Amino acid sequence: MTLHRDRVLIVDDEFIITETLRIYVEDMGLQVCGIAGTADEAVALAVAERPYLVLMDVRLFGERDGVDASIAIHEHVGSRVIFITGSREPATMQRIQCDHPAAVLFKPIADGQLKAAITRILAE
Amino acid sequence: MTLTDWLFNPTGLTPHGFCLSWAPGLIALHVISDAVIALSYFSIPLAIASFVRKRPDLEYGWVAQLFVGFIVACGATHAWSILTLWSPAYGVEGILKAVTAILSVATAVLLWPLIPKLAALPSAAQLQADNCELDRRVAERTMALEEANARLVETMRARDEADAALASAEAQFRASFEAAAVGKVQTDPSDARIIRVNKAFADMLGYRPEELIGRCGWELTAADDLDADREAYQEVLEGRAPAYVREKRYVTRSGALIWGRVSATIVHAPATGQPVLTVAVVEDIDEQHIARAALVRAKQELEELVAQRTAALAQRDLLLREVYHRVKNNLQIVDGMLLMQSRKLDDPDAVAALGAMRKRVFALGLVHHQLMGSADLRTFDVGAFLADLAQQLQAGGAQDVTLVVDAAPLQVDLDFAVPLGLLVTELATNALKHAFPTGRGQVTVTLAPTDDDHVVLRVADNGVGILATPPERKPSLGLTIVHGLVQQMRGRIAPIEGDGVCWEARLPAPRIT
C-alpha cells in the first residue's frame with residue numbers, strides 16, 4: 001500500500017509545539033493528517049492515515065517514547081521520520097540513530113530548518 | 001776338776017805374766033798392744049755393723065756380718081790375753097780362740113767363692129757411668145714427659161677454649177632467644193608440643209613461658225585458621241614447601257584473638273634427615289593488622305563517598321541537562337506562541353516585530369542547546385554557536401545575501417554567550433534588513449581575542465552604508481538592546497568607517513572559572 005506523500009503526522013505532547021509545527025507544515029502546502037501525544041496514538045494514526053512523513057518528538061506521555069513509536073511505524077507503515085528533540089543526551093542520540101531517521105532536528109527549531117529538511121526528504 | 005777350774009785355772013799353772021818374769025816393760029808392752037788391738041778390733045766391727053745396718057740393701061751383707069763376728073772374736077782373744085797375764089784362765093782363752101778360729105775359717109772358706117760375685121758387682125766408676133747414662137735417660141724421659149705434658153696442657157687449654165666458646169655460644173643463643181623482642185618458639189615436629197618459648201611470645205599471649213611448655217602449639221591457633229595452618233605446616237614438614245610463613249590469629253589466655261606473623265623452619269638430624277626441631281619466630285602484627293583493617297575500611301568508606309559524589313555529580317549533570325532541556329522546550333513554546341500570534345495580525349510592522357522577537361528567542365534557545373552538548377555542561381566554543389546562529393538569521397532572507405562567521409576559538413559560558421548571541425542577532429538582522437536594497441551583498445561577523453584580555457566583535461556589511469535609525473525617529477528597540485547589552489558586558493561599541501556599516505564592540509573576555 002502506498003503512502004500519502006502530502007500527509008504529515010505530528011507527534012508531540014505539547015500543544016503549542018504541535019500548533020507551531022502545524023503552521024510550518026501547512027505553510028508548505030502539506031496536510032496534517034493527525035496529531036498524537038503518545039506513542040500508541042502515533043502508531044495507530046500512522047497505520048490509519050499512512051502519512052509519508054512523521055514529525056516525531058522523543059519525549060512523550062506514557063511508557064513508550066518517540067523512538068519506540070518510530071520503530072513500530074517504520075515496521076508497520078514505512079513512513080519517513082524526522083525527529084525533533086530537545087535532548088542531546090548520547091543515549092537518546094544512539095537510540096535515534098538505530099532507527100534510520102530521515103532527519104534529526106534539535107529544538108529550538110526555526111521554520112527554515114524544518115522546511116529545508118522536509119523539502120530534501122520529499123525530493124529523494 | 002770343776003768346769004770353773006778348767007775355765008779359769010785348768011792346770012794350776014801360773015799366769016802368763018810369770019812367763020814374762022813380770023818384766024814390767026814387757027808386761028806393759030803386751031797389755032798396751034793387746035788393749036789397742038782389742039779396742040781397734042771392737043771398733044772396726046762396730047763401724048762395719050753400723051755401715052751394714054745403714055745399708056740394708058747391701059748385697060752380700062752377711063759377709064760383713066761374718067767379718068764383724070771374727071774381728072770381734074779376735075778382739076776378745078786379745079782382750080783375754082791381757083787378763084791371762086795375771087790370771088791363768090786358759091780354758092776361756094782357748095774357747096775364745098776356737099770361736100775365733102771357727103769364724104775365721106768360715107769367713108775364709110765362704111769368701112773365696114764369693115770373689116767372682118763381688119767382682120761382678122759394679123764398681124763406683126761403673127756406677128757413676130751408669131748413673132750418668134741413667135741421668136741422660138732420665139733427662140730424655142723428663143724432656144719427653146715435659147713435651148707430652150705441654151701437649152696435654154695445650155690440648156686442655158684448647159678444650160677449655162672450646163668449652164668456653166661453646167658456653168659463650170650457648171649464652172649468646174640463650175640471650176638472643178630469651179631476650180628477643182619477637183616471639184620465639186621451639187616445638188617437637190612430631191606432635192607440635194612446645195619445648196621452649198621466650199618471654200616475648202608468652203607475653204604476647206598473656207602467659208608465663210613455663211606455662212606453655214608441653215602444650216600443643218595448635219591449641220594456641222584460632223579455630224578458623226587451624227585447618228589452613230596445619231595444611232601449610234604439613235607441606236613444609238613433608239618438604240613440599242621451603243618455609244612456613246603465615247599471618248594467622250592466635251588465641252590469648254583471655255580468649256581474645258590477636259594477629260601474628262609466624263616464620264618457621266624445621267631442623268633435620270644430619271645423620272638421618274629426620275625432622276627433630278621446629279624453630280619459629282612469631283611477630284605481633286595485631287596493631288598493624290588493626291591499622292591495616294582500619295585503612296581498608298577507610299578506603300572503602302572513601303570509595304563509597306567517591307561513588308556517592310560521582311553519583312551526585314551524575315545526578316547534577318542529569319538535572320542540568322533536564323533544566324536546559326526544559327528551558328529550550330519553553331523557549332520553543334514561546335516561539336510557537338509568537339508564531340501563532342503573528343498569524344493573527346494584519347499589521348506588517350507588528351508581524352515584523354514578532355519576527356524579530358522570535359529571532360531573539362531562538363538565540364536564547366541556541367545557547368542552551370550548546371550547553372547541553374558540552375562536556376562540562378557549562379562552557380562551549382563560540383564558533384559553532386555563531387555558525388548555527390548565522391544560519392538561522394539568514395534563513396528566509398534574500399538568496400544572494402550571505403552571512404559569514406569568522407570566530408577565533410573561544411570558550412564561553414552562559415553569562416557571556418546570551419548577551420553575545422543577542423548582540424549578533426540584533427546587528428546582523430539590522431544589516432540584513434537595511435544594507436542591501438538590491439538583494440546582494442555580504443555580512444561578516446568576526447570575533448577575535450585581543451592581547452589585553454578582551455574580545456573584539458565586528459559585524460560589518462558591504463551594503464549601502466546607511467546607519468539603521470534615521471535621526472528623526474526614536475532609537476529602535478534593536479539598538480537600545482545593543483547598547484544596553486554592551487554596557488551590561490562592561491564593553492564599548494561604536495560604528496567604524498568602511499564600505500558599508502561596521503559595528504565594532506570591544507568586550508572583556510569571558511571569565512571562565
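Residues are numbered from 1 along each chain as its sequence is written, while chains are lettered from A and ligands numbered from 1 in the order in which they are written. Because the model is predicted, local features need pLDDT of at least 70 and side-chain atom pairs count only at pLDDT 80 or more, whereas totals for chains, interfaces and linings use all residues. The scores are ipTM 0.82 and pTM 0.56.

**View 1. Chain A has five helices and five strands.** Helices (H or I, at least four residues) and strands (E, at least two) are DSSP runs, numbered from the N terminus. Along the sequence of chain A the pattern is β-α-β-α-β-α-β-α-β-α. Of the 124 residues in chain A, 40% are buried. A residue is buried if 20 or more other C-beta atoms lie within 10 Å of its own, exposed if 12 or fewer, and partly exposed in between, with C-beta atoms placed from the backbone. Two residues are in contact if their C-beta atoms, placed from the backbone, lie within 7 Å. Among the contacts in chain A with a separation of 6 or more, 62% join residues 24 or more positions apart.

**View 2. Strand β3 of chain A pairs with β1(A) and with β4(A).** Strands count as paired if DSSP finds at least two bridges between them. Strand β1 (residues 4-11) and β3(A) are parallel and share five bridges; here A:L9 has A:V54 as its bridge partner. Four bridges link β3(A) to β4 (residues 80-85) of chain A, also in the parallel sense, and A:M56 is partnered with A:F83. β3(A) is mostly covered, with six of its six residues buried.

View 3. Most residues other than glycine have a negative phi, and most peptide bonds are trans. A:R50 lies in the loop between α2 (39-49) and β3 (51-56) of chain A. It is partly exposed because 18 other C-beta atoms lie within 10 Å. A:H100 counts as exposed because it has 11 C-beta neighbours inside 10 Å.

**View 4. Chain B contacts chain A.** The contact takes 22 residues from chain B and 15 residues from chain A. On the side of chain B that touches chain A, α10 (286-343) and α11 (348-373) of chain B each supply at least two residues. The most come from α10(B), with 13 residues. By class, this side of chain B has nine nonpolar, nine polar and four charged residues. Ala, Val, Leu, Ile, Met, Phe, Trp, Tyr, Cys and Pro count as nonpolar, Asp, Glu, Lys and Arg as charged, and the others, Gly among them, as polar.

**View 5. Five strands of chain B form an open sheet.** The strand order is β7-β9-β10-β12-β11 (chain B), and the pairing is mixed. β7 (400-407) and β11 (492-496) of chain B are the edge strands, each pairing on one side only. From one strand to the next, the twist averages 10°. β7(B) and β9 (residues 440-449) of chain B run parallel and are joined by eight bridges, with B:A407 opposite B:L447 in β9(B).

**View 6. Helices α12(B) and α13(B) lie against the strands of chain B.** α12(B) packs on the sheet, touching β7 and β9 of chain B, and its direction makes about 170° with that of β7(B). Axes are lines fitted to C-alpha atoms, for helices over the stretch in contact, and angles run from 0 to 180 degrees between N-to-C directions. The buried residues in α12(B) include B:F385, B:L386, B:L389 and B:L393. Helix α12 (residues 382-394) of chain B has 13 residues, which should span 18 Å at 1.5 Å a residue; its end C-alpha atoms are 18 Å apart, which agrees. The expected span is 1.5 Å times one less than the number of residues in the helix. Helix α13 (residues 414-434) of chain B lies across β7, β9, β10 (454-461) and β12 (502-508) of chain B, running at about 20° to β10(B).
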